[in-house]
Amino acid sequence: MLTNNTAGGVGPLNFDYKLLDFGNGRKLEQFGSYILDRPSPASTTKPSNPEIWHTKTATFIPEVGWDIPENLYKEWTISILDAVVRLKLSVSGQVGIFPEQYQNWIFLRDLSDHCTKELNILNGFAYTGISTIFSVNGLNRITHVDGSSSAINWAKENYKMNFNSSGVRFINDDMITFMNKELKRGKKYSGFIFDPPEFGRGPNGEWSLKKDLEKLIELTNQLAYEPYFFIFSTHSQWLGKKELLSFMKKLKFFNKNYEIFDLDLVSEYNKKLNMGICFRWISH
Ligand SMILES: C[S@@+](CC[C@H](N)C(=O)[O-])C[C@H]1O[C@@H](n2cnc3c(N)ncnc32)[C@H](O)[C@@H]1O
């Protein structure tokens, strides 16, 4: 098991992941025993060590797919903090985690371990549910929403690998459609996690970051009751820190208790690869 965390520069905690190198539009990453060579538009520099790229287990080529040895399983598991998660070589080139979220997983694990208040958490665009897992503490109520039914099934699989109870509501819906439904039902939330894509389809609607961000904030304001924390990540070219902050100032609970930071991965050669930005607010 690898214990050397390279995501976000946070202490030497358990995470079976390393960014080995990046460059020429690609990144070389180690997820447990698998070394993957995948596209990475942000990797505009030259690789630090071209030799290390020969160690790869599998390569993803857009519109072609995965190039893998015949006997390689397309599924495997890795550890993140105190959790176990299932990774898969999916047709999109994704594997089931976005390692740059590691700082938020630590934040959620820490918050869930120390908060004695019951939180009602809405995890939107929740993908395979890693943030959901780190929000569980036996007290919190969690609603996990994603527009893709296969992501929902994958998240349920990850959840079952870690917990016996059925304490999470898994919802396959378009995010804005679901929030509108919750508003009509009079539901309230005290914790919010959003990691939206630029564009994406749910079963009953479509999300566009540019078009719908304002609406997402408006709905958050209406659904918030005794808000405790709020996390919003973005990987958009269009939304820089300054623009993100001006949107976040529209949150009714906005105050000085926030941070805006880069979602960076740090390679084995100590080079940073930026994978987005994050706004995080906590009530105290
Ligand atoms: C960037 S991923 C989220 C990563 C996740 N937070 C993590 O840390 O592992 C974006 C997710 O948004 C979902 N999505 C796309 N369009 C959506 C929509 N209209 N409503 C709800 N979810 C949507 C996708 O299925 C995908 O799982």
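Which elements are included in what covers the buried residues of α6?

A: This is a predicted model, in which local features need pLDDT of at least 70 and side-chain atom pairs count only at pLDDT 80 or more, while totals for chains, interfaces and linings use all residues. Residues are numbered from 1 along each chain as its sequence is written, and side-chain values use heavy atoms, with hydrogens and water left out.

The cover over the buried residues of α6 includes α5 (209-223), β14 (224-234), β15 (258-266) and β16 (272-282), with contact meaning heavy atoms within 4.5 Å. These elements are DSSP runs numbered from the N terminus (helices H or I, at least four residues; strands E, at least two). In helix α6, which spans residues 241-248, the buried residues are Leu244, Leu245, Phe247 and Met248, where buried means under 20% relative accessible area, exposed over 50% and partly exposed in between (1.4 Å probe, protein chains only). Because these buried residues fall within an arc of 160° when seen down the axis of α6, they line one face of the helix; the arc is taken from the directions from the helix axis to the C-beta atoms.

Elsewhere in the model, aspartate 173 occupies the loop between β10 (168-172) and α4 (175-184), and it counts as buried because its relative accessibility is 2%. Its side chain makes a polar contact of 2.7 Å with the side chain of asparagine 204 (within protein, a donor and an acceptor N or O atom within 3.5 Å, with sequence neighbours counted only if both atoms are side-chain atoms). Beyond its neighbours within four places in sequence, aspartate 173 is also in contact with residues including Val145, Asp146, Gly147, Phe178 and Pro203.

Asparagine 204, in turn, lies in the loop between β12 and β13 (205-208), and with a relative accessibility of 46% it counts as partly exposed. Apart from residues up to four places away in sequence, asparagine 204 touches Asp173, Asp174, Thr177 and Lys181, whereas its C-alpha atom is separated by 37 Å from that of leucine 72, which is 132 residues apart from it along the chain.

Around the ligand there are 16 residues, of which Asp146, Gly147, Asp174, Met175 and Asp195 come nearest, a residue being near if one of its heavy atoms lies within 4 Å. Strand β12 (residues 199-202) gives the largest share of this shell, three residues. A polar backbone atom of glycine 147 is 2.9 Å from a nitrogen atom of the ligand, and an N or O atom in the side chain of aspartate 195 is 3.1 Å from a ligand nitrogen atom.
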